[in-house]
Amino acid sequence: MRKQNFLFDKMTVGVCYYPEHWDRALWESDIKRMLENGITVVRIAEFAWNKFENEEGVFNFDFFDDFLDVCEKLGMKVIFGTPTATPPAWLTEKYPEVLNARQDGALYRHGGRRHYNYNSPLYRLFCARIVEKIADHYAKRPSIIGWQIDNELNCEISGFYSQSDTVAFREFLKKKYETLDRLNEAWGTVFWNQTYTKWDQIFVPRAPNINAVNPHLNLDYIRFVSQSAISFCALQSDILRKYIKPGDFITTNGLFGNLDNHEMTDKCLDIYTYDSYPNFAYGVDSVWDDNALSDRRWSRNLTEVRSICPHFGVMEQQSGANGWSTRMEAAAPRPGQLNLWALQSVAHGADFVSFFRWRTAAFGTEMYWHGILDYDNRDNRRLSEVRLFADNLKKLEKIRGSKFYAKVAYVKDYDNEWDSTFDVWHSRVSRASDAGIVEGLQFGHVPYDVVYLKDETLVSELAEYDVLIYPHPLIINEARISVLKEYVENGGKLVIGCRAGQKDMTGKCPMLPMPGLFSCLSGSDVIDFTFQSPAEKVPKVSFGNRELEAKVFCDIMEAKEGAKVLASYSGCFFEGRAALIEKEVGCGKVLHYGSTFTRDSVQAIMEYLGVLETFDEIVTLPGDIELVLRENEGRKYVFLLNYKHRKVEAKVNVRTRSLLTGKEVSGDITLEKFAVEVLEVL
């Protein structure tokens, strides 16, 4: 389990609040009302730069001093945000070099958010100053328990194309490659006569004349964007650490692209917080079966967050319908879903859940991004459900700090994640398999962790898992192969998919038979490969008692000496060729599946490896219910979550006690629509 520097000392409910949006006469009644409904923490100030510095160099802290006075009078705790996500108009108009730009060079302008760039020396200077002033003034306040840096780093915009970014990119590359000869070799610039002879010929990716950009430049550019965001976060974190009280924490929120969130957390934060909006899971991605997981699919994101920080917080938990005046629309949570979605976060590791927001904004772009209360400020069903959730959370104190039970790990790494954002071949197989893996494990009741593989990963971090699924690691190096080899030799089981081992760390394709560096483990030889043709039927793979479909892509393989073929293709021009190869390595084994992963193929392989439906001794469930198992000091706690719009039947096979009702539970049970049960095994 990854280490973290902060744990909440009790299960906690919070809410996002914007005192600058409301008449001061509402402050005290709002805080009292929150406390009456179980809310004990508010997040404030992340978009309020002008309230501290209304003109350059002129600082005033009265507004939030007055608000904190109300919080301290009534006993409300506060997470204070640094306001750097929305620089003030006086700054962006006087100093346009702080602005980010589109890929064609046109500057973003004041009026939105996240329109700045991380690498502007001037913007970093202004940010450092405002953070220093705020921390120096407010950090000693007793109501403050934590600090949020900026807001949703890399949200909406994860590409940076200003002149400052180009200058910083060149410095990043000089440090990495030292010479242009080494850079030209790594990027393969001999192709299309792209060779650089001076550093100032290199730019961040610019709007091309044709739809093509050097993929090796792109990969390094995304690495650069990640480092830029981490550096910007560290700038603020380093300042805050000089002022915060002992026991207070530093965090930031969100889970966005082109960013190594693990490294950022390790370098800058005490705890990681996520923004959870399960309603976005409906109909947003055609590779998913939208009639299957729907909002349950959001557990995939929460599992990613748990890989960064095992006991995390949710800074923005959905409470109402989502939408801006410019884009997005979503249905309001149905009765029961607010409590369900909040407990979904808790099941996956959240000890702190803060709802967005207290009251829906009456103006601005987010006036359709609904909060707990509507514009009319009356009590409503969402407030009642927040109260219900707060009551439920108190009953779950036993599970705080407990470990999520998983014997399967979905292995990823940032190099392949980033490569798949612009390599359309990589993207297509990865997107298809991500859906298949999550659906297969969810419907097979196989709780899993996500593990991000790095060069410095230790075998001890992998050893707690019986099975690793590493679906399409096109990019791989010797260091990562070495730790995987040690894991397998010690008894682990590794599963890889098509196109594994295709690239080196620069993103180039070495002259090696695929699966490249994996060949020493897999015992497989890829003699041909192909995308599926829409003119042909999808190839079949018979494995065990299941007939599988080899969708999207196929590695056409032969088994080398010491390996065996477990399944072959049929119904295609490569009829009879190996589709699934197994090789024993030490005390463990490696399976190379030659296609993308579907729900059925994942379940067939997990069944073969003995990790499918391993909780029947506790509970027998239909696939409709999500199962989460938590363990704490030898006690087992089982979450059962019903996302369906109908009731679902299940059977509890041992004596248990419901933590929510206090009653003993065994035998047949009914979970009403959107219901959650949390059982302690007796």
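Author: One definition first: buried means under 20% relative accessible area, exposed over 50%, and partly exposed in between, with a 1.4 Å probe and protein chains only. The model is predicted: local features need pLDDT of at least 70, side-chain atom pairs count only at pLDDT 80 or more, and totals for chains, interfaces and linings use all residues. Residues are numbered from 1 along each chain as its sequence is written, and side-chain values use heavy atoms, without hydrogens and water.

Reader: Is Glu178 buried or exposed?

Author: Glu178 sits in the loop between α6 and α7 (180-187). Helices here are DSSP runs (H or I, at least four residues), strands likewise (E, at least two), and both are numbered from the N terminus. Phi of Glu178 is positive, about 70°, although the residue is not a glycine. Its relative accessible area is 58%, so Glu178 is exposed.

Reader: What is the phi of Trp192?

Author: Trp192 is in the loop between α7 and α8. With a relative accessible area of 56%, Trp192 is exposed. Most residues other than glycine have a negative phi. Trp192 is not a glycine, yet its phi is positive, near 55°.

Reader: What is omega at the cis bond between Phe356 and Arg357?

Author: Arg357 is placed in the loop between β8 (350-356) and α12. A cis peptide bond joins Phe356 to Arg357, and omega is about -10°.

Reader: How far apart are the end C-alpha atoms of helix α3?

Author: Helix α3 covers residues 62-74, which is 13 residues. The expected span is 1.5 Å times one less than the number of residues.

Reader: Which residue follows α3?

Author: Look at the helix itself before its end. Phe63, Phe64, Asp65, Phe67, Leu68, Val70 and Cys71 of α3 are buried. Their cover includes α1 (27-36), β2 (41-44), α2 (49-52), β3 (77-81), α5 (121-138) and β4 (144-148). Then comes a residue with a positive phi, near 90°: Gly75.

Reader: How is α6 oriented to α8?

Author: Axes are lines fitted to C-alpha atoms, for helices over the stretch in contact, and angles run from 0 to 180 degrees between N-to-C directions. Helix α6 (residues 163-177) packs on helix α8 (residues 215-240) at about 105°, with the axes 10 Å apart. Under 35 degrees counts as roughly parallel, over 145 as roughly antiparallel, 65 to 115 as roughly perpendicular, and the rest as oblique. So α6 and α8 are roughly perpendicular.

Reader: Which residues of α8 does α6 meet?

Author: Contact means heavy atoms within 4.5 Å. From α6 come Asp165, Ala168, Phe169, Phe172, Leu173, Lys176 and Tyr177. On α8 they meet Leu217, Asp220, Tyr221, Arg223, Phe224 and Gln227.

Reader: How far is the C-alpha atom of Phe172 from that of Gly440?

Author: Phe172 lies in α6. Leaving out residues up to four places away in sequence, Phe172 touches Asp220, Arg223, Phe224 and Gln227. Gly440 is 268 residues away along the chain, and the two C-alpha atoms are separated by 41 Å.

Reader: At what angle do α11 and α12 cross?

Author: Gln337, Leu338, Asn339, Ala342, Leu343 and Val346 of α11 meet a set in α12 that includes Arg382, Glu385 and Phe389. The axes of α11 (residues 337-347) and α12 (residues 381-395) come within 8 Å, and they cross at roughly 35°.

Reader: How is α13 oriented to α14?

Author: Asn416, Asp419, Ser420 and Phe422 in α13 meet Val424, His426, Ser427 and Ser430 in α14. The axes of α13 (residues 414-422) and α14 (residues 424-443) come within 6 Å and cross at roughly 115°. That makes the two helices roughly perpendicular.
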